[in-house]
Amino acid sequence: MQRKTKIITTVTAALALLALGSGTVLEIHAANDVSSVSQTTAPTTATADGTKLTADSASGTKSNYKVKYKASGDQSATYQKTTYGSANTAASQVDYVGSNTQGTTVNLNNGTTAVVQGTMGHTYVHWNKGDWSVTAVTSNADASGTPTQFAKQVNSQITKSSLPSSADTGAITVYSQADSDETNSVTWQEGKQVYQVSGTTADATVKVAQNADN
């Protein structure tokens with residue numbers, strides 16, 4: 001009798017595996033797969049300073065996906081969503097800088113006060129806007145303008161159009177000079193999810209984040 005029970009159990013398990021293999025598991029994965037930008041919170045396009053970025057590809061799952069953008073020339077950007085095990089872990093992925101930063105105080109536009117620091121051939125202008133921290137970085141070799149001028153441009157952009165309002169906390173780090181490595185970044189946390197936009201230019205990177213449907 002025991003031998004017969006084992007045989008029945010084995011056959012039942014095999015039938016279950018066949019049932020799963022026949023489409024059930026594949027259908028679950030298919031429902032969670034991301035293949036177009038419309039399945040994400042990323043914007044289809046973003047235009048900043050006369051340059052239009054357009055979503056070129058989307059991949060991943062609903063919990064973890066990546067959308068890539070391209071524009072004329074060498075400009076590009078990436079919008080990425082990552083889901084973590086807890087809100088605390090997600091929050092630790094955002095490089096938020098508090099308002100207690102030490103340095104020289106400077107007045108930007110729109111009544112904003114910032115702190116200026118210089119190190120390793122760069123000047124950092126930092127300020128906070130609500131739950132967001134903003135850092136504008138200028139190379140000391142950049143003769144196109146001053147660190148304060150660049151910081152004012154960034155502050156003006158994020159004042160004219162809002163950043164994702166559902167963010168628990170966020171951080172912006174942008175550079176005055178374009179970089180092919182997509183070093184500019186806008187990162188924010190929403191519960192267990194972290195969203196990050198990285199791009200080759202400051203204004204386009206911020207604009208993609210501003211256009212996000214969160």
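**From one edge of the sheet to the other**

Strands β5 and β6 (residues 113-119) are paired in the antiparallel sense over 4 bridges, in what is a predicted model. Within this pairing, Thr-105 has Val-115 in β6 as its bridge partner. The hairpin that β5 and β6 form has 5 residues between the strands, and there Asn-110 takes a positive phi near 60°.

These two strands belong to an open sheet of 11 strands with mixed pairing, whose order runs β1-β2-β3-β4-β11-β10-β9-β8-β7-β6-β5. Its edge strands are β1 (45-48) and β5 (104-107), each of which pairs on one side only, and the twist from one strand to the next averages 20°.

Helix α3 touches β5, β7 (122-129), β8 (132-139) and β9 (169-175), and its direction makes about 30° with that of β7. Helix α4 also packs on the sheet, where it touches β1, β2, β3 (65-70), β4 (76-83), β9, β10 and β11 (193-199), with its direction at about 20° to that of β10.

**The largest pocket**

What volume does the largest pocket hold? About 350 Å³ of space lies in it, and among the 19 residues that line this pocket, Phe-150, Gln-153, Tyr-175, Ser-176 and Ala-202 are the closest to its centre. Both α3 (147-160) and α4 (202-210) supply at least two residues of the lining, and the largest share, 5 residues, comes from α3. By residue class, the lining of the largest pocket divides into 6 nonpolar, 10 polar and 3 charged residues.

**Where the model should be read with care**

The chain averages a pLDDT of 85, and 84% of the residues score at least 70. Confidence is highest in strand β10 (residues 184-190), at a mean of 98, whereas helix α1 (residues 2-32) has the lowest, at a mean of 42. Over residues 1-29 the pLDDT stays under 50, and for this stretch the model has 2 contacts beyond four places in sequence. Where pLDDT is low, predicted coordinates should not be read in detail.

Conventions
Residues are numbered from 1 along each chain as its sequence is written. This is a predicted model: local features need pLDDT of at least 70, side-chain atom pairs count only at pLDDT 80 or more; totals for chains, interfaces and linings use all residues. Side-chain values use heavy atoms; hydrogens and water are left out. pLDDT is the predictor's confidence in each residue, from 0 to 100. Contact means heavy atoms within 4.5 Å. On a 1 Å grid over the protein atoms alone, a cavity is a set of points where a 1.4 Å probe fits but cannot get out, and a pocket is an open set with protein on both sides within 12 Å along at least five of seven lines; lining residues have an atom within 4 Å of a point. Grid points are joined across faces, edges and corners, and a volume is the space filled by probe spheres set on the points. Ala, Val, Leu, Ile, Met, Phe, Trp, Tyr, Cys and Pro count as nonpolar, Asp, Glu, Lys and Arg as charged, and the others, Gly among them, as polar. Two strands pair if DSSP finds at least two bridges between them. Axes are lines fitted to C-alpha atoms, for helices over the stretch in contact, and angles run from 0 to 180 degrees between N-to-C directions.
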